[in-house]
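Keep the 3D view open, and try each task before you read its solution.

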Amino acid sequence: MPSTVKDKTVKSVAKRKRSENGEPIKKRKKLEAGEEKEDLAAQIQKLESQINESKKHYNNIATLIEYAEKQDEDPKTAIAAAEALCRVFVRLLASGSLVKKKDASEKDATVAKWLRDRLTDHHKALVAMFKSTKLATRALVLAMALLKAEAPYLEGKDEAVFPWPLFNAIISALLTSPVEEVRDEFCDKFIDEYDDLRFYAFEGIKDFLTERQSVDQELQNTVFDFLLKMEHVPESSEDLEDFYIEQPSKKKHPLRSLSQHKKRAQEAWLALFNLGLSKEQRKKVLDVMASSIAPWFIKPELLMDFLTDCYNTGGSISLLALSGVFYLIQERNLDYPSFYQKLYSLLDTDILHSKYRSRFFRLLDTFLGSSHLPAVLVASFIKRLARLALNAPPSAIVVIVPWFYNLFKKHPLTTFMMHRVPRTKEEKDLIETEGVLDPFLPDEQDPMETHAIDSCLWEIVQLQSHYHPNVATIAKIISEQFTKQFYNLEDFLDHSYGSLIDAEMLKEVKKAPVIEFMIPKHIFTKADAGTEQTDSPLVSLWDFGSS
């Protein structure tokens, strides 16, 4: 056979074999692709083992960092490399390899510096994972484990030093992360448990906000929600005993001082306020001011301008600011001369329809509870609310009337408003001939000048004929003897249309009402002739054109 023919035959046979065996070859390629990740995992493990065996393999650290930085391309490999790096650096930190010793050679000093630079690169790779939904939680655990390992060894001192650069990077990454779960995890497992982490977290938030010239509203909301989660205020310095890092030996260390903790918290909140808050953000802040924000301030009077501005704004903002202003009055003796005048101005047509109505009545009950208040002042509030009750929803009226009852018991001088009887014959003749003019001045802004004490609560008499039976019943308590000591307002504050309807529908009927039990056969037409049925009243009143 000629050589040329022989070569063509061999090539055709080889080509045919490749085509016939195409599927097995394709399967083998797939297996190789599937084994690639296993090879990477084995390679990461091998690189880690080599680093632990000898210093000559320290360059493997740079390779592992490259793997850890590929979080978008291969998340599993990235987190595996990050875990390997954490184990490597924990061992190196414990052995003192990252500390430049006094008697160390130039080569060892260079190696220590190189390792510290690689540790910084590892920090950046870890916090970058906070943006990934899949990796954020695991990256946080690794970062906090590394933080704990760095404290006693990184600076080479006898006492642990808090690793501020890493922690500051963690705080910044948490605040800019789109993953809400990682912030919840951090607060639940670290901030709520350890006093030192909360201390430095406040400081980190302050630095985060002050370093930025502008912060968008979304980021402001994130910082606000993050700060709110740190709401557990220690009662004394003795309560500061849970530390993530080793406790400082100095007794006068800032970490052991409650005032220093509050100072950091105060600075963080003020940094947020200085950015300027939108109306919705103000509502959020004011909603928790007295419970979660003001207790952190060592100088709550710094909130005075903010709260008084909000209190003077009007509307729902004023209602929310009320609790904060009262906190300053109660805790810091804030002098607000026109407080009751401003409080009186909040009683407008919207107050009884507001979703903050229950909160307002709780505070109003506190503000007017003192027996030292002038009866003229209290009478103005009673009269103003009685007038507003005429157009109020039933769920608001059932709160107002028991509140009146309690005020009458606390301030007996105002009971003259319940039923004012003309004393002289001239007064009776004047009422019979000309009627009576209510002396109350509804447009007067000063509650001391409304003449409400000279008026009477005729509005309550009108409410006793209210269409809602519950309202009519409860309004009658003002006309009856005051045998009950006080009403518990909490029993009435959370009523709504739904709860009132449910109460009426579930009420046990003791006596069945009288109803028409015979169903008429004809309503719009005349009764059939030759029967005992009578025509419907409608037939006799209207002509429907029937012949």
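Predicted model: local features only at pLDDT ≥ 70, side-chain atom pairs only at ≥ 80, totals over all residues.

**Exercise 1.** Describe the second largest pocket in the same way.

*Solution.* 
Step 1: The space in the second largest pocket comes to about 360 Å³.
Step 2: Its lining is made of 17 residues, and Lys55, Ser97, Asp108, Val111 and Ala112 are the ones nearest the centre.
Step 3: Helix H5 (residues 106-128) gives the most to this lining, with six residues.

**Exercise 2.** Is Thr77 buried or exposed?

*Solution.* 
Step 1: Locate Thr77 in helix H4 (residues 75-95).
Step 2: Compare its accessible area with the cut-off. Thr77 has a relative accessible area of 9%, and buried means under 20%, so Thr77 is buried.
Step 3: See what surrounds it. Setting aside neighbours within four places in sequence, Thr77 is in contact with Leu40, Ile44 and Tyr67. Its side chain also makes a polar contact with the side chain of Asp74, at 2.4 Å.

**Exercise 3.** With which residues is Leu146 in contact, leaving aside its neighbours within four places in sequence?

*Solution.* 
Step 1: Go to helix H6 (residues 136-153), where Leu146 sits.
Step 2: Check its accessible area: at 0%, Leu146 is buried.
Step 3: List the contacts, which are Phe89, Leu93, Leu119, His122, His123, Leu126 and Leu166.
Step 4: For a sense of distance, pick Val325. Leu146 and Val325 are 179 residues apart in sequence and 44 Å apart in space, C-alpha to C-alpha.

**Exercise 4.** Which members of the largest nonpolar core touch the most other members?

*Solution.* 
Step 1: Start from a general idea: in soluble globular proteins, nonpolar side chains tend to be buried together.
Step 2: Turn to the largest nonpolar core, with its 157 residues. Ile170, Phe186, Ile205, Trp269, Leu343, Leu385 and Phe404 touch the most other members.
Step 3: Zoom in on Phe404. Not counting residues up to four places away in sequence, Phe404 touches Ile382, Leu385, Ala386, Ile460 and Ile478.

Technical notes. Residues numbered from 1 in each chain as written. Heavy atoms only, no water. 1 Å grid on protein atoms, 1.4 Å probe; cavity = no way out; pocket = protein on both sides within 12 Å on 5 of 7 lines; lining within 4 Å. Points joined across faces, edges and corners; volume = space filled by probe spheres on them. Helix = DSSP H or I, 4+ residues; strand = E, 2+ residues; numbered from the N terminus. Core = buried A, V, L, I, M, F, W, Y, C linked by side-chain atoms within 4.5 Å. Buried < 20%, exposed > 50% of the residue type's maximum accessible area, 1.4 Å probe, protein only. Contact = heavy atoms within 4.5 Å. Polar contact = N/O pair within 3.5 Å; in protein donor to acceptor, adjacent residues only side chain to side chain.
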